Amino acid sequence: MTTKITRLLAALVVLALIAAACGGGDSDSDSSGGGDTGSQDSDSSGSGDGGDEDLGGDVSEAGADETATGEDLQTEEGVVAQAGGTLRIGMEAEPDSLNPNNSPLAVTGVMMTQAIFDTLTAWDENGEWTNNMSESWTPNEDASSWEMKLRPGITFTDGLPLNADAVIKNLDAKLADPILGLFFGPTFDLDNTVEKVDDLTVRINANGPNNVIPAYFATQLGMIGSPAWVDAAAENPSLDQAPIGAGPFKLESRTQDFQTRLVRNDDWYRTDQEVFLDVVEFYPLQQESSRTDQLLSGDLEIASVSDQDSICLLYT
């Protein structure tokens, strides 16, 4: 609860500062507006090294599909949502890998991989963990060991099933990575981290009592890739750029430092959730003014910005 309150207060302070900065010094101006600062950590692992507009090219030319007209869908709030179309996102950097098992993903990497890989658990609207690819979590008496049961019937986009072996392979790969292992490893009993109980159940052993073990798997730790792809990428690192998951989108094409194009996974297991978009395209544009200009011109629908001038321009 304290963490949630702290985050809320921090968010309110940031919004107030932005509103004040963009308000031209009028002390009577309304600071309740503010817009999204979009302030994010730069992905220092990006492979670009100093380009600007040329890094991502002209998005209006690179994006072959214009926003499509689709079937109108009524939401619970009464707002009409439109199915179909292409979402174009401008990023501040290009991740050098889309493999969540061997890359400490920064903001842009997480944004891209979350569309391809589903996680075992997820965050709900109240900031609490909930089942996602998992069906249930059952702790032992002191919560030092948890049995996690998977939803049945989930398949990766290469047709292989999600099962206990796939979870074990992905978790072992992350903990064996020199960097990810340092980050995630201290949470677990490294002598006996995960055990197969049956085809859809694993037992995960913590390094001691831990009531929030399921929440860890709403992060990069819980991203599960096809076991065949995990093995192939370990042998051929170029396949880190061709991820295979079980998420709402799948990779159609990727040209590093230019464009990554994802298309909807029509076989996504979450039949209770509608995937409205046909395509999501990511464009690395290192120069913030380029992202801002293309957002304002309509060549992008989403862009990451953190510079005060860009924020004020978008705010007004």
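How many salt bridges does the count come to? The count comes to twelve salt bridges, a salt bridge being a side-chain nitrogen of Lys or Arg within 4 Å of a carboxyl oxygen of Asp or Glu.

**Basis of the model**

This is a predicted model, in which local features need pLDDT of at least 70 and side-chain atom pairs count only at pLDDT 80 or more, while totals for chains, interfaces and linings use all residues. Residues are numbered from 1 along each chain as its sequence is written, and side-chain values use heavy atoms, with hydrogens and water left out.

Side chains of opposite charge can pair when their charged atoms come close. R88 and E301 meet through their side chains in a salt bridge of 2.6 Å, N to O. R88 belongs to strand β3 and E301 to the loop between α9 and β13 (302-303), so this pair ties together parts that are 213 residues apart in sequence. Helices (H or I, at least four residues) and strands (E, at least two) are DSSP runs, numbered from the N terminus.

**Aromatic pairs**

There are six aromatic pairs, counted where the ring centres of Phe, Tyr or Trp (its six-membered ring) lie within 6.5 Å; planes under 30 degrees apart count as stacked, over 60 as edge-to-face and the rest as tilted. F117 and W229 form a tilted pair, with 5.6 Å from centre to centre and 40 degrees between the planes. Because F117 lies in the loop between α4 and β4 and W229 in helix α8 (residues 227-235), the pair ties together parts that are 112 residues apart in sequence.
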